[in-house]
Amino acid sequence: MIYLRAENLMKRFGERILFEKIDLSIAKGERIALIAKNGTGKTSLIKILTGVDDPDAGSVTIDKNIKWAYLEQEPEFDPQLTIWDAVFFSDNALLQIVARYELSLEKMEEDPENPLVQDEMQRCMEEMDNANAWDIENRVHTILTQLNLQHHLSQKTSSLSGGQKKRLALAKVLIHNPDLLIMDEPTNHLDIQMIEWLEAYLKVMDTTLLLVTHDRYFLDNVCNEIIEIDLGKLFIYRGNYAYFLEKKDAREANQAREADEARKLAKKELEWMRRQPKARTTKSKSRITAYYETKEKASFKKDDKQVEILMKMQRLGNKILEVQQLKKSYGELLIVENFDYLFTPGERIGIIGKNGIGKSTFLNLLQGIETQDSGKVVKGETVRFGYYGQRGLELTEDKRVIEVITDIAEYLEVGKGQKISAIALLTMFLFDPKKQHAWVSTLSGGEKRRLYLLTIIMQKPNFLILDEPTNDLDIQTLNVLEEFLDSYEGCLLVVTHDRYFMDTLVDKLFVFEGNGYIRDFNGNYQDYLNELEENKGKKDNPNKKNTITKETKEIAPVSSKKLSFKEQREFEQLASEISELQKQNQGLEQQLSAGSNSHEELLNWSKEIELNKLKLDEKELRWLELSEMGGQ
């Protein structure tokens, strides 16, 4: 069943054609990642497919019988709405029932003895029962909790940061559970834990996906097909990221061979084109058309440059950066407490932790941008920081790209008396000659971030600090950046939610575990995950108290003054919901064991089991949390 069909699409940007004669169809069950260089039309194509923008030619048709949703890269909301309004403002009747139920719960909190409030509560519960809306209520609660929005429901959307707006928009599309979900950079502004939750959620959702992402682990874990925009055309790869790289390289090698043959043929055809143009007959028109097609093939050039820049920088002395008993807090939020560390030459450290825990503040403390409450940060005399911040650089819009770089330096010294010109460096970082002389104002968001990175490199720092450098960068740019950083000989400190990027480049982690504690972990992110899994296995003792197993048949409700009415009600619901999910999975597992002639039926059972397991984990953790609050 085809959900979306696009035919013969074309889009111009000024005089430049982004793409033309593009055909695309999305069938039920497909999970497609759309990738391309920044500025080549990814977001433009997404906007055309979703009706936000019109194509210059062609048409898009979406099946009228399906629900579909679009997550924008930079979502906006009515500034007068609260988070609550934004989530529940919908024509969806079930969501309106859930909204009334949630409001009645709040009234019960404020005035539990009021008979009118009690009657309203009873009516809302009956309405929830009749509409079978408890699953949606649970989905809303789970999604808002996982995206860290549950404690801010009364906050106006006008006061939200860009990251909070992205999480709110993501919550809204997930809650509506569409048949087709189109997302532009869904992992931007999410911390690693949120990304991993979103991966698990999307994997078990029966939703067809089209997404733009630069996160290669996310792409591999969620998608089963890659579509690339290159040279204004679409190329389809039915496999993971490794398969894409292999097939793309083969395609480009084949195009390079064809281009070489076409160049030889084009020379002969050019001589013919120049001879006696007035004597040509109508029959020669096919040969003229063939000449232009040959000329187009001949123009192909395979981009096989490898970025290896052994940048000449000031040598780091014996003393680099020493941190002694560092402490910083904002009111009750403790960022770091009693942290000691002595940086050594060539260290490559990644920083991980939840959003809002203080990672960026920590980077500012190390550089002296912010002042600590106590402790010392002693910087060596030879240290020269290069800082790439989340906000980016305020680039002068009325300058050309090449001028932004040459204003810093005409060339970059790379040792042994060699130099790389600003033009050559821009080319290495995927700015072609035409783009180098374009105005900064014409660059896409990702291209501006790429240019910002180059301004940092041109300053020849020997201690690079990168705060979320992967946001808004395309996969090709990330590959270039990784190659550069792989040969970088200075110290590297990086905050990133891109696990592939981190695993490629760092050999140590600072793990922000909360309440001011920063753990020094030797290894990359995958090593850290492996350790967590090992420790989880040790803790998962079936004899341990409060452990909820599959055999748990019944969980007795608790009555405690420590729990509010809403929490007490939630606790009682969780008990029955956990038991019901366990029974469902037992039945599904029996069906799987018995087998079926229908492959689709077996696949659906497996998906349902995985989704139930995900729900069980969340509900069991919440049940234990409420149990402890209630003093059990």
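**View 1. Overall surface and fold of the predicted model.** The accessible surface of the protein chain (Shrake-Rupley method, 1.4 Å probe) comes to about 32600 Å², and 47% of this area belongs to carbon and sulfur atoms. This is a predicted model, in which local features need pLDDT of at least 70 and side-chain atom pairs count only at pLDDT 80 or more, whereas totals for chains, interfaces and linings use all residues. Residues are numbered from 1 along each chain as its sequence is written, and side-chain values use heavy atoms, with hydrogens and water left out. The protein chain contains 20 helices and 20 strands, taken as DSSP runs (helices H or I, at least four residues; strands E, at least two) and numbered from the N terminus. Of its 632 residues, 48% count as buried (under 20% relative accessible area, with exposed meaning over 50% and partly exposed in between; 1.4 Å probe, protein chains only).

**View 2. The salt bridge between Glu76 and Lys165****.** The two side chains meet at 3.3 Å, N to O, in a salt bridge (a side-chain nitrogen of Lys or Arg within 4 Å of a carboxyl oxygen of Asp or Glu). Glu76 lies in the loop between strand 5 (68-71) and helix 2 (83-88) and Lys165 in helix 6 (residues 162-175), so the pair ties together parts that are 89 residues apart in sequence. Glu76 is exposed at 58% relative accessibility, whereas Lys165 is buried, with a relative accessible area of 14%.

**View 3. The salt bridge between Glu482 and Arg216****.** The closest N and O atoms of Glu482 and Arg216 are 2.6 Å apart, and the pair links distant parts of the chain, with Glu482 in helix 16 (residues 475-486) and Arg216 in helix 8 (residues 216-222), 266 residues apart. Glu482 counts as buried at 7% relative accessibility, and Arg216 is buried with a relative accessible area of 0%.

**View 4. The surroundings of Glu185****.** Glu185 is placed in the loop between strand 6 (180-184) and helix 7 (192-204). Although buried, Glu185 has no salt bridge, and the nearest side chain of opposite charge, Lys42, is 5.8 Å away (Lys and Arg count as positive, Asp and Glu as negative; His and the chain ends are not counted), with the place of a charge taken as NZ of Lys or CD of Glu. Leaving aside neighbours within four places in sequence, Glu185 is in contact with Gln73, Lys166, Val212, Thr213 and His214, where contact means heavy atoms within 4.5 Å.
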